[in-house]
Amino acid sequence: MALRAAVFDLDGVLALPSVVGALRRTEAELALPRGFLNEASQTGGPDGSSARLMRGEITFSQWVPLMEEGCRKCAEVSGICLPENFSISQIFGRAAAARKINHPMLQAALALRKKGYTTCILTNNWLDDSSQRGSLAQLVCQLSPHFNFVIESCRISMAKPDPQIYKFVLDTLKASPSEVVFLDDIGAYLKPARDLGMATILVRDTDPALTELQKVTGVQLLQTAATLPVPCNPSDMSHVYVPIKPGVRLHCVELGSGPAVCLCHGFPESWFSWRYQIPALAQAGFRVLALDMKGYGESSSPPEIEEYSMEVLCQEMVTFLDKLGIPQAVFIGHDWGGMLVWNMALFYPERVRAVASLNTPFVPANPNVSTMEKIKANPVFDYQLYFQEPGVAEAELEQNLSRTFKSFFRASDGKPFLNVGRVRERGGLLVKTPEEPSLSSIVTEEDIQFYVQQFQKSGFRGPLNWYRNVETNWRWGCKSVGRKILIPALMVTAEKDKVLVPEMSKHMEDWIPYLKRGHIKDCGHWTQMEKPTELNQILIEWLETDARDPPVVSKL
């Protein structure tokens with residue numbers, strides 16, 4: 001039979017460095033004989049304290065004194081003197097806390113699942129009630145959503161290499177042995193699986209193991225390009241619907257715990273545009289709230305133009321925080337979302353822990369020159385003038401949603417399909433673009449279909465209305481003339497954005513004197529999709545330094 005299920009060990013396979021490897025290093029540091037700690041842990045065999053720990057009969061804190069007693073007895077027999085500060089709790093706690101996700105192995109599991117494989121984690125694990133138990137919880141929490149099943153020995157009262165646990169796995173997977181491949185870093189745990197008829201792979205190093213897994217499955221698993229961060233799956237997310245006022249609600253997806261971070265997308269997008277950032281920011285220790293901005297997706301989309309003025313949108317964002325009981329949040333925006341977050345910092349600084357914008361610079365309102373005059377004077381913004389007449393751009397962009405999004409979402413290194421200049425003269429934004437555009441490298445067909453499905457619900461009227469409040473937004477912005485933004489702030493520019501060019505941000509320090517900056521090379525307008533690894537690194541480093549604790553006093 002063909003393989004259709006893949007089973008991965010946790011320690012030493014999906015998480016590195018392994019606890020076993022860490023124990024060996026500890027032995028060397030403490031000048032203990034190689035294998036001493038492993039030998040002590042095996043004392044008593046199937047009825048010993050370590051076996052009982054893995055079967056969930058005792059907790060970690062109950063096991064520690066038993067293990068320390070076993071170490072003392074082994075030391076006496078071997079004539080070894082244990083160090084005065086010898087602590088099993090510290091040794092194992094430190095080893096467990098040092099483990100991080102082995103991303104190439106996780107990517108392989110995701111690739112197999114995408115090809116229709118059932119995926120499972122099978123791990124000898126313990127009930128961790130120690131003071132460092134959060135590290136194990138975080139690891140399992142981060143990995144679990146990406147697998148069909150997670151089988152922990154301590155939950156089912158059996159542990160590897162007991163043959164019964166492998167039969168339990170087969171029953172769980174509803175698979176025959178010949179349909180399963182099992183990866184583990186301990187040979188003794190593979191033998192019972194192999195005896196049953198499973199394909200087995202001993203994992204010593206990740207790359208050789210992936211080469212073997214690729215060979216037995218026939219699925220491309222070795223990454224030739226840089227590995228992308230793990231995106232979130234819409235069906236796996238927690239969806240939150242927040243009532244704002246009669247007839248208006250805002251939808252967001254939520255993940256993680258810690259300081260709140262609101263992600264605000266641009267045009268014509270969705271919360272889904274942050275799919276590569278949501279898991280990464282949550283894993284970094286933040287409560288991520290990725291919004292469908294008003295007019296988009298599952299948020300309300302009232303038809304009135306005035307419902308989308310920046311003043312109304314910011315007021316509703318404050319209501320959003322109020323309804324969720326969040327006094328203060330980090331705001332990160334892109335495109336129109338960037339415009340909104342700068343205004344939140346300007347008009348509601350007490351609600352903004354820190355503010356960051358991708359691509360969109362902060363440009364203060366000029367009472368002497370209206371924003372509409374600036375738009376008319378810059379040919380690259382002609383598309384915004386085309387968007388002004390209600391119904392015109394809606395008809396063009398809604399005609400073939402797949403074509404629309406494949407034309408919009410293009411990588412900076414490919415041929416751009418959209419020309420944002422002279423749009424009115426040409427008679428439309430999509431004029432002279434292919435009827436069936438090719439798929440850009442920054443999106444998959446599944447991604448495109450998600451946007452199509454979202455805009456089938458909301459249409460383009462609400463999103464385009466964001467562009468139809470230019471004069472209203474300018475008059476409101478003039479009320480803030482003279483204010484500076486002195487809360488923690490970050491501006492991320494993208495080298496190859498043809499509309500929001502980096503040069504537009506060059507005077508921002510005049511108004512945001514403590515501004516921090518990030519710059520991403522070879523990146524166009526769709527920053528979150530095109531360069532997610534680079535963006536995540538910039539955002540997480542900034543969040544760790546500027547958003548972890550609320551500011552106590554102004555910097556000025």
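Guide: The axes of helix α17 (residues 392-399) and helix α18 come within 5 Å and cross at roughly 95 degrees, where axes are lines fitted to C-alpha atoms, for helices over the stretch in contact, and angles run from 0 to 180 degrees between N-to-C directions. That angle makes α17 roughly perpendicular to α18, since angles under 35 degrees count as roughly parallel, over 145 as roughly antiparallel, 65 to 115 as roughly perpendicular and the rest as oblique. Helices (H or I, at least four residues) and strands (E, at least two) are DSSP runs, numbered from the N terminus.

This is a predicted model, in which local features need pLDDT of at least 70 and side-chain atom pairs count only at pLDDT 80 or more, while totals for chains, interfaces and linings use all residues. Residues are numbered from 1 along each chain as its sequence is written, and side-chain values use heavy atoms, with hydrogens and water left out.

Where α17 and α18 are in contact (heavy atoms within 4.5 Å), E396, L397, E398 and Q399 of α17 meet L401, T404 and F408 of α18. The residues of this contact divide into three nonpolar, two polar and two charged; here Ala, Val, Leu, Ile, Met, Phe, Trp, Tyr, Cys and Pro count as nonpolar, Asp, Glu, Lys and Arg as charged, and the others, Gly among them, as polar.

Helix α18 (residues 401-408) also packs with helix α20 (residues 445-458), at an angle of about 125 degrees and with the axes 9 Å apart. That makes α18 oblique to α20. The crossing of α18 and α20 is right-handed, a crossing being left-handed if the near helix is turned anticlockwise from the far one by less than a right angle, and right-handed if clockwise. From α18, the residues L401, S402, F405 and K406 meet E445, I448, Q449, Y451, V452, F455 and Q456 in α20, and the residues of this contact divide into six nonpolar, three polar and two charged.

To find your way around, turn next to the open sheet, in which five strands follow the order β5-β4-β1-β6-β7 with parallel pairing; two strands pair if DSSP finds at least two bridges between them. Its edge strands are β5 (149-152) and β7 (199-202), each pairing on one side only. Within the sheet, β1 (residues 5-8) and β6 (residues 180-184) pair in the parallel sense over four bridges, and A6 has V181 as its bridge partner in β6.
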